[in-house]
Amino acid sequence: MKSVLVLYYSRGGHTARISRAVAEHLAATGHQCDMMHINEAKAEGIDWAKYDVIALGACVLYGSYHKSVFEFVAEHQAQLSAKPASFFSVNVVARNPEKRIPENNKYLQKFIELSAWKPNDVKVIAGKVDYPSWRWYDRMMIQLIMKITDGPTDPKAVIDYTDWEDVKVYAEHLVSLAK
Ligand SMILES: Cc1cc2nc3c(=O)[nH]c(=O)nc-3n(C[C@H](O)[C@H](O)[C@H](O)COP(=O)(O)O)c2cc1C
């Protein structure tokens, strides 16, 4: 049995849902997994010694990640580098399978470039378009991005692009990173 910690930053809840799917699959396959929003981890602290593997996931917002993600990894660079650890980026450009290849995903590359922690293991996961839940300004901006990239622009569109079976494969991959 391995023990995995999934840290995440989620704005609308989808990255949290992906983290939960990882945790549930690991529990169902005989492992232990905790998940924590990075704000919670910051407030409560982390017992790093409890875990064999760490995963950290964040959603892409306007071409980058919330600044608390970069602050968190800078503060915990030593702990993240001391164990097998993986970073996963959640974005809707990854609805295109080509853009799920880390080398082809500019947001994943951006994380590697800007992060103080340089993860050895990375993953790109397609997120969710949810126009009705987004504020009008966000909706307009994302419609614009979608227009440029040939994506959905219907303001009523709710499309989950996540490959949930592949999320389970990623969960198993995390366990395989443990020494
Ligand atoms: C304000 C905002 C900006 C976004 N910007 C981008 C972007 O630049 N590129 C992209 O691929 N996806 C972008 N997305 C899509 C999100 O990454 C996607 O919806 C993700 O599933 C959100 O995860 P969350 O629910 O955990 O916040 C954006 C979403 C929002 C709400």
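**View 1. One salt bridge is the count between domain 1 and domain 2.** In this predicted model, local features need pLDDT of at least 70, side-chain atom pairs count only at pLDDT 80 or more, and totals for chains, interfaces and linings use all residues. Residues are numbered from 1 along each chain as its sequence is written, and side-chain values use heavy atoms, with hydrogens and water left out. Look for arginine 11 and aspartate 138: their side chains form a salt bridge at 2.6 Å, N to O. (Here that term takes a side-chain nitrogen of Lys or Arg within 4 Å of a carboxyl oxygen of Asp or Glu.)

View 2. Domain 1 covers 3-127 + 164-177, and domain 2 covers 129-161; the bounds come from an automatic or database domain assignment. Eight residues of domain 1 and 13 residues of domain 2 make the contact, meaning heavy atoms within 4.5 Å. The C-alpha centres of the two domains sit 24 Å apart.

**View 3. Domain 1 and domain 2 bury about 870 Å² between them.** Of that area, 52% is on carbon and sulfur atoms. (Buried area is the accessible area, with a 1.4 Å probe, that two parts lose on being put together, summed over both.)

**View 4. A UniProt feature, residues 4-141.** The UniProt entry, an unreviewed one, lists this span as "domain: Flavodoxin-like"; positions follow the numbering used here, feature names are shortened, and annotations may be inferred rather than shown by experiment. The end C-alpha atoms of residues 4-141 are 36 Å apart, and the span is 38% helix and 25% strand. (Helices, H or I of at least four residues, and strands, E of at least two, are DSSP runs numbered from the N terminus.)
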